[in-house]
Amino acid sequence: MTIQESRSRAVAHLHQGIIPSYLLAKLAESERYSQAAEAARQTLIAPAPAQHRSQLRLSIDENGSLVATVEAAPNRTISDAHNTETLPGVVVRTEDEPTVADVAVNQAFDGLGATFQMLLDAFQRNSVDGKGLPLDATVHYGTDYDNAFWNGERMVFGDGDGEVFRGFTGSTTVIGHELGHGVVQYTAGLEYQGQPGALNESLADVFGALTEQHLLDQTADEASWLIGAGIFTPAVHGKALRSMLHPGTAYDDPELGKDPQPADMSGYVKTTEDNGGVHINSGIPNRAFALFAVELGGKAWETAGSVWYRALSGGLSSSATFEQFAKATIKEADDVSTAVGDAARMAWASVGVIKATGDGRSAA
Ligand SMILES: [Zn+2]
């Protein structure tokens, strides 16, 4: 199998991994990071398991009626794959059990809990599906596996190669991002291709950033707006995988290249790679959200996050374009107040998705 073929397979299988295949492909060719290059090649070739939809947990009450029990508390189970690619692995920690010696297990447990709490506090959403879906995760997936992903049913974390990527459980934004894909799956179900795909990626980043900000109780001004801070080793010239506020500035490394994200529509990348640039063009709606949240001030998961969430869950088409999503958020923002509506218009106009007009209003 050529690198090109393995990249295509990786695109098909790892489409919701936090590490985009173009970055792994670059790393696979690295001479400086030889161990990481081998790990990246293996990660590209290893197929991620097929997706399965979770089953609803239903029961029959004493009158014989079907009931769905909604319990607004997380129900987490962490398993250990022991460096194999067999899922789910061995259960190592369940909801009521204390911390264990393995740091990755506890980090995954805490990250799932932080995401659950943010969804509940900010959007009154009971878990990823809104119906109390148990949150399952597997750690130590594969050997030197350079990715973390949501497979439609559980979160799966590799340990990283140790040379370029550290383990992925330590990043709250990575965990919030991957579970965010679950929320998108259960709401608009945005297609993972082209503009709706880049929106899917962007919304996952929004959930990731909000999870971290909620955990740290940060205001929009205080937040880093970085996704995946700390997943690179100190050898890499980069602070994170993506910057929502300043797309294109997260890393610039001699071996990995420069963060390819555009900050506005003038830099929109037309490509067949990366499912039509889903991890690249997501920078544009990412910046719109960060600008909107910073303009409003305060905690981003409150007004700004709620506007985005209501636009996502309020009948958005699975094939929505940036402009259609922008219009949906502006409608929700106008329902809050004129000032919030104008801030949303300004944010989308700043990234070129809608046209600005003289009085701050636009045709969108
Ligand atoms: Zn993603």
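In which hand, left or right, does α6 pass α9 in their crossing? Keep in mind that this is a predicted model, then select helix α6 (residues 194-216) and helix α9 (residues 303-313). The crossing is left-handed. Their axes come within 12 Å and cross at roughly 145°. Now show side chains: α6 brings L203, V206, F207 and L210 to the contact, and α9 brings G305, W308, Y309 and L312. Seven of these residues are nonpolar, one is polar and none is charged.

Zoom out to the largest nonpolar core, with 92 residues. W225, F292 and W348 have the most contacts inside it. Colour helix α4 (residues 103-123) too, as it gives the largest share of this core, ten residues.

Last stop, the aromatic pairs, which come to 15. Pick Y141 and Y145: their ring centres are 4.9 Å apart and the planes sit at 90°, so this pair is edge-to-face. Both Y141 and Y145 are buried. Then go to Y268 and F322, also edge-to-face, at 6.1 Å centre to centre with 75° between the planes. Y268 is in the loop between β11 and α7 while F322 is in helix α10, so the pair ties together parts 54 residues apart in sequence. Here Y268 is partly exposed, at 23% relative accessible area, whereas F322 is buried, at 1%.

Key:
Residues are numbered from 1 along each chain as its sequence is written. This is a predicted model: local features need pLDDT of at least 70, side-chain atom pairs count only at pLDDT 80 or more; totals for chains, interfaces and linings use all residues. Side-chain values use heavy atoms; hydrogens and water are left out. Axes are lines fitted to C-alpha atoms, for helices over the stretch in contact, and angles run from 0 to 180 degrees between N-to-C directions. Helices (H or I, at least four residues) and strands (E, at least two) are DSSP runs, numbered from the N terminus. A crossing is left-handed if the near helix is turned anticlockwise from the far one by less than a right angle, and right-handed if clockwise. Contact means heavy atoms within 4.5 Å. Ala, Val, Leu, Ile, Met, Phe, Trp, Tyr, Cys and Pro count as nonpolar, Asp, Glu, Lys and Arg as charged, and the others, Gly among them, as polar. A nonpolar core is a set of buried Ala, Val, Leu, Ile, Met, Phe, Trp, Tyr and Cys residues joined through side-chain atoms within 4.5 Å. Buried means under 20% relative accessible area, exposed over 50%, partly exposed in between (1.4 Å probe, protein chains only). Rings of Phe, Tyr and Trp (its six-membered ring) pair if their centres lie within 6.5 Å; planes under 30 degrees apart count as stacked, over 60 as edge-to-face and the rest as tilted.
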